[in-house]
Amino acid sequence: KHLSRLGFNVTVFTRSEGVDQVGVVTLSSTFRVRYVVAGPQQHLFTDLTYHHLDNFTSQIDTREFEAVFSNYWLSGYVGLKLGLPQIHVHHSLGIQKFQWEEMTEMGKVRMQVEREVNEKASCIVHQLRNEGALTNATRSTYITPGIELEKFTNLNRDHSRKKLNFSSNSLNVLYAGRFVPQKGIKFALEALSRTRIPVTFRLIGAYEDARSEHLLQEYPQFDYLGSK
């Protein structure tokens with residue numbers, strides 16, 4: 001969206017997950033979303049979409065574009081197949097994921113795709129400092145992740161705490177995301193538990209049956225707010 005505001009002509013391609021998701025949704029003269037029917041028009045587990053990527057890619061006319069931006073390894077695969085100058089953000093890395101989880105056949109495919117993207121992309125945009133050492137990308141840069149100031153604004157802390165019924169005498173920490181070891185929640189809890197400051201650690205995300213679920217019992221300062 002921001003690129004389109006800067007004057008770039010942007011088309012977002014996304015796989016259709018419903019019969020109502022067809023055609024092109026025009027958001028502005030320089031920004032549009034195009035649905036591609038590739039595989040069943042329903043939500044699929046992320047890795048299963050890999051089997052439909054060649055079909056997805058075949059429906060993109062590269063003559064319309066000068067470059068491709070891809071995010072995550074599945075989009076990275078599409079970017080490679082399109083053969084255009086490619087700017088890529090990993091979002092997450094298989095080399096880190098499979099330090100914590102058992103390697104799968106699809107995991108091996110992911111690792112190979114990520115290696116090819118690191119080697120062939122015109123530019124890899126790292127969001128974390130340690131990504132550079134992990135990927136050994138041929139061409140890369142580092143851009144710190146930011147927030148959308150139109151949605152997230154700096155409010156008065158005392159007023160906000162009172163409205164949310166948060167204690168003003170404790171450190172209020174919020175985590176939103178998957179409850180998995182590689183997110184480092186345990187390290188954050190251990191560090192916070194060693195402070196002399198009263199802490200409330202609030203969690204938003206699915207944690208049931210997660211391998212880190214036991215932390216909820218081990219650290220009483222955890223306050224689970226729900227999955228969404």
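Guide: A polar contact is a pair of N or O atoms within 3.5 Å. Keep that cut-off in mind for this predicted model.

Visitor: What makes N156 a cap for helix α7?

Guide: A side-chain oxygen of N156 lies 3.2 Å from the backbone nitrogen of D158. The limit is 3.5 Å, so this oxygen and nitrogen are within reach of each other. N156 caps the N-terminal end of α7, which runs over residues 157-164.

Visitor: What follows α7?

Guide: N165 does, and its phi is positive, near 60°.

Visitor: How many helices and strands does the protein chain have?

Guide: There are 9 helices and 10 strands. The C-alpha trace spans about 60 × 40 × 35 Å along its principal axes.

Visitor: Which element gives the largest share of the lining?

Guide: Strand β1 does, with 6 residues. Elements that supply at least two residues each include α1, β3, α2 and β4.

Visitor: What is the lining made of, by class?

Guide: It has 26 nonpolar, 14 polar and 9 charged residues.

Visitor: Why is the set of residues that includes F13 and W73 called a nonpolar core?

Guide: A core joins buried residues of nonpolar kinds through side-chain atoms within 4.5 Å. The largest such set here has 21 residues. F13, F56, I60, W73 and V78 have the most contacts inside it.

Visitor: Which residues does W73 touch?

Guide: Leaving out residues up to four places away in sequence, W73 touches D47, Y50, H88, M106, V109, R110, V113 and E114. Contact means heavy atoms within 4.5 Å, so W73 has a heavy atom within that distance of each of them.

Visitor: Where is another core?

Guide: It lies apart from the largest one and has 9 residues, among them Y175, I185, L189 and V199.

Visitor: How many residues does the protein chain have, and what share is buried?

Guide: The chain has 228 residues, and 34% count as buried. Among contacts with a separation of 6 or more, 41% join residues 24 or more positions apart.

Note on methods
Residues numbered from 1 in each chain as written. Predicted model: local features only at pLDDT ≥ 70, side-chain atom pairs only at ≥ 80, totals over all residues. Heavy atoms only, no water. Polar contact = N/O pair within 3.5 Å; in protein donor to acceptor, adjacent residues only side chain to side chain. Helix = DSSP H or I, 4+ residues; strand = E, 2+ residues; numbered from the N terminus. Nonpolar A, V, L, I, M, F, W, Y, C, P; charged D, E, K, R; others polar. Buried < 20%, exposed > 50% of the residue type's maximum accessible area, 1.4 Å probe, protein only.
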